[in-house]
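Here is a briefing on the structure shown below. It goes topic by topic.

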Amino acid sequence: MALYKLQINGRNYEADVEADTPLLWVLRENLGLVGTKYGCGIAQCGACTVHMNGTAVRSCTLPVSAVGNKAITTIEGLSEKGDHPVQLAWDEVDVPQCGYCQTGQIMTAAALLKKNPKPSTEEIDNAMNGNICRCGTYHRIREAVVLASNKMK
Amino acid sequence: MKLAAATGGGLMLGFHWGTSEASTMEVLSDEAIAAGDVTFNSYLSISPEGVITIMSPNPELGQNIKTSFPLIVAEELDADWSKVKVLQAPLDTAKFERQVTGGSGAVPHSWERLRKAGATARHMLIEAAAKRWNVPAGSLTAENSTVLHKESGKKLSYGELAQEASAIPVPAEVKLKDNKHFKLIGTAVRNVDNHEMVTGKPLYGLDFHREGMLIAMVQHPAAFGMKIKSVDSAAAKAMPGIVDVVTFKNNVAVVGKSTWQVTKARKALKVEYEKEGAIESTSDHDRLFKELLDSKEATVRRSNGDVEAAFKSAAKVIRSEYQCPFLSHSPMEPMNFFAHVREDGVELVGPTQTPDRARNETAKLLGISPDKITVELTRLGGGFGRRLQADYVLDAVEVSRLMKAPVKVVWTREDDMTGGSYRPAVRYRFEAALDAKGNMIGYKLRGVGINAGNSTRENNFPSGAVENLLIDSVEHKSPITTGAWRAPITNFLAFAEQSFLDEVAFAAKVDPVKFRLDLLDRARKSPVGEIHYDIDRMKAVIQLAAEKSGWGTKKNVSQGISVYFSHRSYVAQVAEMEMKKNSPVLKKIYAAADCGIVVNLSGARQQVTGGIVDGFGHAMFGKLTFRDGAPEQKNFNNYRLIRMKEVPEVEVHFVDNGIDPTGLGEPALPPTGGAVANALFKATGKRLRNQPFVLEEEMKGVNLGEKL
């Protein structure tokens, strides 16, 4: 066990965990930030997506010891009131079904739009292809990313 | 009629992390309705401030029941939807019936109950206003949570009237709205949990936390047909954060303080297994299928006329076999459950499609009365039938009992995929006899299933339309466990049947749409035996799908049709392919669905579109194989689920026939595989007969997804 200082959602946190503990479990079990989901544990489904220095990463395979002083953003920190354009678009298009994968989808979409505010359909598909939705909400996800992109004008 | 009790008894389960950002998970029982609220019935209460609280009793797994149910109550109540608060009810068999998510049956079952719940309260609110104003109730109207007296211009809100309305006798009969006066039903209403879902609030079983609870992972036998020979848990027990390692039945549970510590300790576990039953591999099943298709011992499911004579006199016989593998349900949230077995009772919290089963199986296991057990429902991160089982609930109960502590059992993705209860593997043989004019005079279907039960649906189309027909099934009992998987049996049978009918239509040189319509006309004109489907509804969806897709009118587009009746609803689909760089590309799927009245247009479109994506994805990629009793796929790296780039465009239409809702959680899935395969045949002359398509010889050089 060792004490790790983490910068998450603009705050400082400490977690006393083993070095190889994936960031996912530190968020969920040590810090109570459960919006980041466990889906596969091997970076295949995207449910655990968070931002590290603004880039979408899979927290289920990211050891806490590798985070260092890089800034982490989770779904809880994407916006203060849940009104990030991507979150608003997700509600407006009524994307979620079971909803379990959607925080990961939203984090991937938000990272994409930050880098590329006007993505083409192909660029959206490429960026979102790593996130599995078992309910099959893909059409609405695509529609919501476009809407969010328009909102960010 | 009673006033809701004060909130003291309400269940507020929370955890506090000492950080302002961390959320508290609340599992709300119905006592959480605020003090002072007037409870009208099991579903509904109204606060003096006008907040309408509607309980949603059924498990929510993405079928949108938590929005649809309250919507129906609110419609008859004439409630202001923006002021409706929806709460998930816990298991309560005294208040609710059929708290189950399965069989696409919730709305058909509860439609009238929910409407009456709203209409009764509306009646009482109007009566209360009539009394206060001393006017006839007939002179009053209600809208937007307000009762109006048009003559005088007086109005009172439901909140103001709630207390007085509670004193009005509950009417035995109440008039329900005429469908044409629906204001909410049939419109697109957004999911009531959207905000919580898109902000990452704790909603799911895996998010549940109780101060002092332990985390457990359970090592089930590594292969079906094996049992524990020996357990060496010394190394695992010595790992940091581990509280104990306990064994029950054929399972070993590693119990500790955090999920990661338990995950690591589990790898240090040394469990030896020995053979207990048959150890089967997929190659054994392939051989068994072929043997059992010729078995002399089959269970006859339906028999009409003289099949042997019809085939002897046939001008042409078509015979084909279709096969599918096992499938895992793989909801995105793996199995998990919280249990606290105490001296005086048991508390269960988590994601289940059948809370009543969870309770009853727990009662049976512990030898206690079910009324000592409470079940709170979290949101379910998908289910697809897997959470109809209670095995993972019992894991939590067993470990909590042994540890004498509150325990949350967490299955890893690997546990989830190897943990059984699969869609059974099935092989079908279809035979059709045509006379010289191309009429189908004989039809045979044999299904061989591995723990599939009846692998046929003997009364489905084309039964009733063919004079001589024999449908039977053969079952192989295997240690590999199976269970209901979204649209049980029909999730593959529909593909096989609709592909085979396409084969027959082409052999008879009849357009596939006309072929199906002709058969339905024949079933009406001279029905053979009992008809268990609605001929008009089935014809209507075929015609609507053909119309919307411009069937047979498009140049350079190859179309395939498929239609299926499952549960209580009817869905027809037309898939379209275009040739690009000498490869057929799946461009679009049109769907025409008849689920009766559409309750929520947004949710209904999700069910149809999602059902098509699910149906296409699994037909295309889904495959769980076994080697020596163990599943060969354990995670999404080699168990392929459909992704965004692979979905075709989908266009959804609903039949507007005004009949009561007939369910939509499953019926859009079965037709998809057949529509795609029939379109591929039209485009290439190649016939897909086995799933997953991606492994078929016919798919070589075929690039179904445009962006693949």
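Predicted model: local features only at pLDDT ≥ 70, side-chain atom pairs only at ≥ 80, totals over all residues.

**Backbone exceptions and packing**

Pro692(B) is found in the segment after α16 (672-684) of chain B. The points below take up the backbone, a strand trio, a helix, the core and the contacts between parts.

- Most peptide bonds are trans, and most residues other than glycine have a negative phi.
- A cis peptide bond also runs from Phe461(B) to Pro462(B), with omega near 5 degrees.
- Pro462(B) sits in the loop between β21 (440-450) and β22 (468-476) of chain B.
- Asn64(B) has a positive phi, near 75 degrees, and is a residue other than glycine.
- The loop between β4 (52-56) and α1 (65-77) of chain B holds Asn64(B).
- Asn134(B) is a residue other than glycine with a positive phi, here near 55 degrees.
- Asn134(B) belongs to the loop between α2 and β6 (140-143) of chain B.
- Is Asn64(B) buried or exposed? Asn64(B) counts as buried because 28 other C-beta atoms lie within 10 Å, and the cut-off is 20 or more.
- Asn134(B) counts as exposed because 6 other C-beta atoms lie within 10 Å, and the cut-off is 12 or fewer.

- Strand β20 (residues 426-434) of chain B pairs with β21(B) in the antiparallel sense, over nine bridges.
- Within this pairing, Gly442(B) of β21(B) stands opposite Ala433(B).
- β20(B) and β21(B) make a hairpin, with five residues between them.
- Gly438(B), in the turn of that hairpin, has a positive phi of about 90 degrees.
- β21(B) and β22(B) run parallel and are joined by nine bridges.
- Leu470(B) in β22(B) is the bridge partner of Lys444(B).
- How many residues of β21(B) are buried? Eleven of the eleven are, so β21(B) is largely enclosed by the rest of the structure.

**Helix α14 of chain B**

- Helix α14 of chain B covers residues 535-549, which makes 15 residues.
- At 1.5 Å a residue, α14(B) should span 21 Å, and its end C-alpha atoms are 21 Å apart, so the two agree.
- Which residues of α14(B) are buried? They are Met538(B), Val541(B), Ile542(B), Leu544(B), Ala545(B), Ala546(B) and Ser549(B).
- An α-helix has 3.6 residues a turn, so residues three or four places apart point the same way.
- The buried residues of α14(B) pack against α13 (512-525) and β28 (649-654) of chain B, and also against β23 (557-566), β24 (569-580) and β25 (583-594) of chain B.

**Nonpolar core**

- In soluble globular proteins, nonpolar side chains tend to be buried together.
- The largest nonpolar core has 256 residues.
- Ala216(B), Val254(B), Val541(B), Ala545(B), Ala591(B) and Ala593(B) touch the most other members of this core.
- Helix α2 (residues 106-133) of chain B gives the most to this core, with ten residues.
- Leaving aside neighbours within four places in sequence, the contacts of Val541(B) include Val563(B), Tyr570(B), Val571(B) and Ala572(B).
- Ala592(B), Ala593(B), Asp594(B) and Val655(B) are also in contact with Val541(B).

**Chain B against chain A**

- 52 residues of chain B are in contact with 49 residues of chain A.
- On the side of chain B that touches chain A, α4 (194-198), α6 (259-267) and α15 (601-621) of chain B each supply at least two residues.
- α15(B) gives the largest share of that side, six residues.
- By class, the side of chain B that touches chain A has 20 nonpolar, 21 polar and eleven charged residues.

**Two domains of chain A**

- Chain A is divided into domain 1 (2-77) and domain 2 (85-151).
- The centres of these domains of chain A, taken over C-alpha atoms, are separated by 21 Å.
- 15 residues of domain 1 of chain A are in contact with twelve residues of domain 2 of chain A.
- β3 (49-52) and β4 (55-58) of chain A each supply at least two residues of the side of domain 1 that touches domain 2.
- The largest share of that side, three residues, comes from β3(A).
- That side of domain 1 of chain A has six nonpolar, eight polar and one charged residues by class.

Technical notes: Residues numbered from 1 in each chain as written. Chains lettered and ligands numbered in written order. Domains from an automatic or database assignment. Contact = placed C-beta atoms within 7 Å. Helix = DSSP H or I, 4+ residues; strand = E, 2+ residues; numbered from the N terminus. Nonpolar A, V, L, I, M, F, W, Y, C, P; charged D, E, K, R; others polar. Expected span 1.5 Å × (residues − 1). Core = buried A, V, L, I, M, F, W, Y, C linked by C-beta atoms within 7 Å. Pairing = 2+ DSSP bridges.
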